[in-house]
Amino acid sequence: MPTTREAPSARQQELLERAYAYSLTHGLGDLSLRPLATAIGSSPRVLLFLFGSKDGLIRALLARGRADQLELLRRTEQRYDDPPGLTVIARELWTWLAAPERRPLMTFWVEAYGRSLVAPDGPWADFARSTVDDWLQLLEASEPNQSAARRTAVLAILRGALIDLLATADLDRTTAAVEDYLNQS
């Protein structure tokens with residue numbers, strides 16, 4: 001069985017990508033290996049061999065989802081020679097988060113974030129904390145002299161507006177709320 005320290009085989013990477021696409025539309029909460037394996041052209045035995053367990057597969061899927069978010073953060077940081085400011089980055093992040101094509105990823109993220117809070121010892125362990133730290137690092141880099149409280153407030157408004165957007169699909173209202181908050185400071 002491959003360990004997390006070994007580079008994944010081509011087959012493991014291929015099945016992870018297929019399982020990730022499946023989980024973006026079906027979620028992770030009721031993930032069952034048999035339907036997943038059938039949908040991605042594999043078998044439960046192969047998935048267990050490659051990922052060690054269902055929990056191992058979930059951890060790999062969470063890491064894959066987080067990789068998409070980290071790529072956004074890296075691209076955003078690289079776009080500027082000098083720190084652009086918290087408001088500029090917050091607007092860019094909101095545009096990325098609110099894009100219709102990202103709804104499946106954002107729904108996946110909300111599910112994983114919530115499960116990380118209620119099942120902190122399972123495969124979801126530390127997912128929520130890690131994503132908070134990732135985003136706060138970007139916000140700090142965007143305006144290093146800004147207070148931690150302000151960065152936390154910006155992150156909270158983005159997360160809250162995102163959850164509301166996912167629940168209501170009201171892009172105009174949630175975007176207006178983000179803009180209103182960012183314009184007040």
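Of the contacts in the chain with a separation of 6 or more, 64% are accounted for by residues 24 or more positions apart, where contact means heavy atoms within 4.5 Å. The structure is a predicted model, in which local features need pLDDT of at least 70, side-chain atom pairs count only at pLDDT 80 or more, and totals for chains, interfaces and linings use all residues. Residues are numbered from 1 along each chain as its sequence is written, and side-chain values use heavy atoms, with hydrogens and water left out.

The chain contains nine helices and zero strands, and its pattern along the sequence reads α-α-α-α-α-α-α-α-α. Helices (H or I, at least four residues) and strands (E, at least two) are DSSP runs, numbered from the N terminus. Along the principal axes, the C-alpha atoms of the chain fill a box of roughly 55 × 35 × 30 Å. Of the 185 residues in the chain, 38% are buried.

Helix α2 comprises residues 33-40, and its buried residues are Leu-33, Leu-36, Ala-37 and Ile-40. They cover an arc of only 95° around the axis, which puts them on the same side of α2; the arc is that of the directions from the helix axis to the C-beta atoms. Arg-34 and Thr-38 are exposed on the other side of α2. The packing partners of the buried residues of α2 are α1 (10-26), α3 (44-51) and α4. After α2 comes Gly-41, which has a positive phi, near 75°.

A similar description can be given for helix α9. The buried residues of α9 are Thr-174, Val-178 and Leu-182. Because they cover an arc of only 75° around the axis, they lie on the same side of α9. Asp-172 and Asn-183, by contrast, are exposed on the other side of α9. The buried residues of α9 pack against α5 (86-98) and α8 (148-168). The length of the helix was also examined. At 1.5 Å a residue, the 13 residues of α9 (residues 171-183) should span 18 Å, and the end C-alpha atoms are 18 Å apart, which agrees. The expected span of a helix is 1.5 Å times one less than its number of residues.

On a 1 Å grid over the protein atoms alone, a cavity is a set of points where a 1.4 Å probe fits but cannot get out, whereas a pocket is an open set with protein on both sides within 12 Å along at least five of seven lines; lining residues have an atom within 4 Å of a point. Grid points are joined across faces, edges and corners, and a volume is the space filled by probe spheres set on the points.

The structure holds one cavity of 30 Å³ or more. By class, the lining of the largest cavity divides into seven nonpolar residues, one polar and one charged. Ala, Val, Leu, Ile, Met, Phe, Trp, Tyr, Cys and Pro count as nonpolar, Asp, Glu, Lys and Arg as charged, and the others, Gly among them, as polar.

The second largest pocket has a volume of about 180 Å³. Its lining includes Arg-59, Leu-62, Ala-63 and Arg-66, together with Pro-123, Trp-124, Ala-125, Asp-126, Phe-127 and Ser-130. At least two lining residues are supplied by each of α4 (54-78) and α7 (127-142), and the largest share, four residues, comes from α4. Six nonpolar, one polar and three charged residues form this lining.

Two individual positions complete the description. Leu-166 is located in helix α8 and is partly exposed, with a relative accessible area of 26%. Not counting residues up to four places away in sequence, Leu-166 touches Arg-103, Met-106, Thr-107 and Val-110. Leu-166 and Ala-112 are 54 residues apart in sequence, and their C-alpha atoms are 14 Å apart in space. Glu-101 is placed in the loop between α5 and α6 (103-118) and is exposed, with a relative accessible area of 59%. Glu-101 and Leu-48 are 53 residues apart in sequence and 31 Å apart in space, C-alpha to C-alpha.

How values were computed
Buried < 20%, exposed > 50% of the residue type's maximum accessible area, 1.4 Å probe, protein only.
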